[in-house]
Structure formats: structure tokens, C-alpha cells
Amino acid sequence: MSNTAILLIHCPDQTGIISTVSEFLFFHNGNIIDIDQHVDIDNKRFFMRAEWEIDGFNIPPENIYTIFMNTIGNRFQMTCQVQFTTKKPRMALFVSKMQHASLDILSRWYSGEWDVEIPLIISNHPDSRPIAEKFGIDFYEFKITAENKAEQEQKEITLLKANNIDFVVLARYMQVISPSFINEFPNQIINIHHSFLPAFPGAKPYHSAFKRGVKIVGATAHYVTEDLDAGPIIAQDIAHITHRDSIDELVRKGRDIEKRVLSQAVWLQIRHRILPFDNRTIIF
């Protein structure tokens, strides 16, 4: 495991930001191992990700944010976050009945591909309980109805906070998350859906798309906001379709893309490479 700190910032664009941040890290004996920046010229906004080695850095980790903001951040009107690669992010999985996306995530975690913790799985159905038990993960079932939705979501929020969850992944969780839930975890809830929306909504979008003769299928991973399926996009991909593909083949290709795109989004989240701004993301 690397022992590095990561600085993610955005602010109004102006001269001297890169040199000032680099000088700050150099002055405090920080060895930069990765740095990237982007300027949104139209909106005159500056974005930056800097990663440096903590060993030998002469500011204690718990004081980096405060000292950086007092020294540089406030002067440049920066919005800033500091992350550490030695801290394993804690992820909660939300699932319903379809298990292709959650199984892909669990296999990547179990094999050691991802340096992340998954303390619990939450579902509105019992179907995934045996899977959670096989992986040794606590499973919680919260049946959701129109009458108990607010009460059940509050129980879920309490459970997530008690387990110090850093972010939530909706692995084909077929429930709309309420605004009050979203506000508890802003830009910390990742969702995946097929990219047929809004043209082919409903329970069987692949069947509708097949009848229309679509030539591509795709998937979109994004942060959840109050605007349904319209939050900042993290990752997308497509597969081409021909007249030889049956409905089953469309479904197979679609679910394969869903797995890959969701896993890509989770990987970027774990590595602290996503910087949301307005309703977009900068991916470093």
C-alpha cells in the first residue's frame, strides 16, 4: 500500500496556482509523484489533483487541510479536499434482485484487486443474502413501500453512519433514493443504469430497444442527485448491435457493459480521481 496524500481542488482560474501549490508541497518536504490540472476556459475555473508522499512530509496528516487552506486555499478561493491512500474507503452495496453488478464488485474486492472495505450489503429483497454470507459480509434487508419509505431510509442512514461508510454503490438497486437520503451523502452515492433512457423507459427497456432496432447499447455510472438519473456522469461505455443479435444477446451485452462501467466508476472513486463540479465531473 502506498503512503501518499491526495489534494483535490477547484477555484477561479488565475495565474500562479500550480507554482504556488507545488512550492507549498516542496517547502514542507513533499515529494510529488503525480500531478494533473485542467482549466475550464469558458467558465474560467481551475481544477487540480496532486499526490505526494507522506513519509518525510513535515505537516501532520490531520493538519494538512487547515494549514493548506490558511496558507493558500483561502487566498485563491479554493474548494479543497485532502485524502490519504493509507485509509481504506468503506463502501456499502445496495442491491435488489439482479446480481450481475454486485457480483462483479464483490469478486474484485475478494480477489484483492481493490483496496476497499465492504462492511455491509443492503437490499429490499432477500435474494442476495446467500451471496453476502458466502463472502462473509453482513446483510440487511429493508423492505420498501410507499408507506414506510421514509422510516426505512432513516434506518439505512443510521446503519451507514454507524459503520462509517464513505460511499454507497447502487448495484442495480431498483428503488428511487429520496432527497433526504441523498443530502446525507452528497456525491457519495454511485448509480448504474442502461443508457436507453429516456427513449426506452420501463421494466423491459432491452425489449423495447430490440423492437426499435437499436445499433448500440450502453451504460452510464453517475452520482445520484435529486434529478433522477441526471447526476454528474463518472463513466460510460457502449457496445455495437447488429440485426443478428437477439433480445437475450442485447441483455447480455447490456449487463456486461453495466458491470464494466460501474466497476470503472468505483475504481475512480477509490483512487480519489473524481472531482465533481456543478453537474459534471473532472476525471483525473
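**Salt bridges and a helix pair**

Modeller: D34, R49, E51, R271 and R273 are joined in a network of salt bridges, a salt bridge being a side-chain nitrogen of Lys or Arg within 4 Å of a carboxyl oxygen of Asp or Glu. This is a predicted model, where local features need pLDDT of at least 70 and side-chain atom pairs count only at pLDDT 80 or more, while totals for chains, interfaces and linings use all residues. Residues are numbered from 1 along each chain as its sequence is written, and side-chain values use heavy atoms, with hydrogens and water left out.

Colleague: How many salt bridges does a search of the whole structure find?

Modeller: The pair R49 and E51 is in the network, with its closest N and O atoms 3.3 Å apart. For the whole structure, the search gives a count of 19.

Colleague: Which residue meets K87 in a salt bridge?

Modeller: The N to O distance in this salt bridge is 3.0 Å, and the partner of K87 is D166. The two are 79 residues apart, K87 lying in the loop between β4 (79-84) and β5 (90-95) and D166 in the loop between α5 (149-162) and β8 (167-170); helices (H or I, at least four residues) and strands (E, at least two) are DSSP runs, numbered from the N terminus. K87 is partly exposed at 46%, as is, at 25%, the residue asked for, D166.

Colleague: Where is D115, which forms a salt bridge with K88?

Modeller: The closest N and O atoms of K88 and D115 are 3.6 Å apart. K88 is in the loop between β4 and β5, 27 residues from D115, which sits in the loop between α3 (100-110) and β6 (117-123).

Colleague: At what angle do α3 and α8 pack?

Modeller: Two packed helices are described by the angle between their axes and the distance between the axes. Axes are lines fitted to C-alpha atoms, for helices over the stretch in contact, and angles run from 0 to 180 degrees between N-to-C directions. The axes of α3 and α8 (residues 247-270) are 9 Å apart, and the angle is about 45°.

Colleague: Which class does that orientation of α3 and α8 fall into?

Modeller: Under 35 degrees counts as roughly parallel, over 145 as roughly antiparallel, 65 to 115 as roughly perpendicular and the rest as oblique. With the angle of about 45°, α3 and α8 are therefore oblique.

Methods. Buried < 20%, exposed > 50% of the residue type's maximum accessible area, 1.4 Å probe, protein only.
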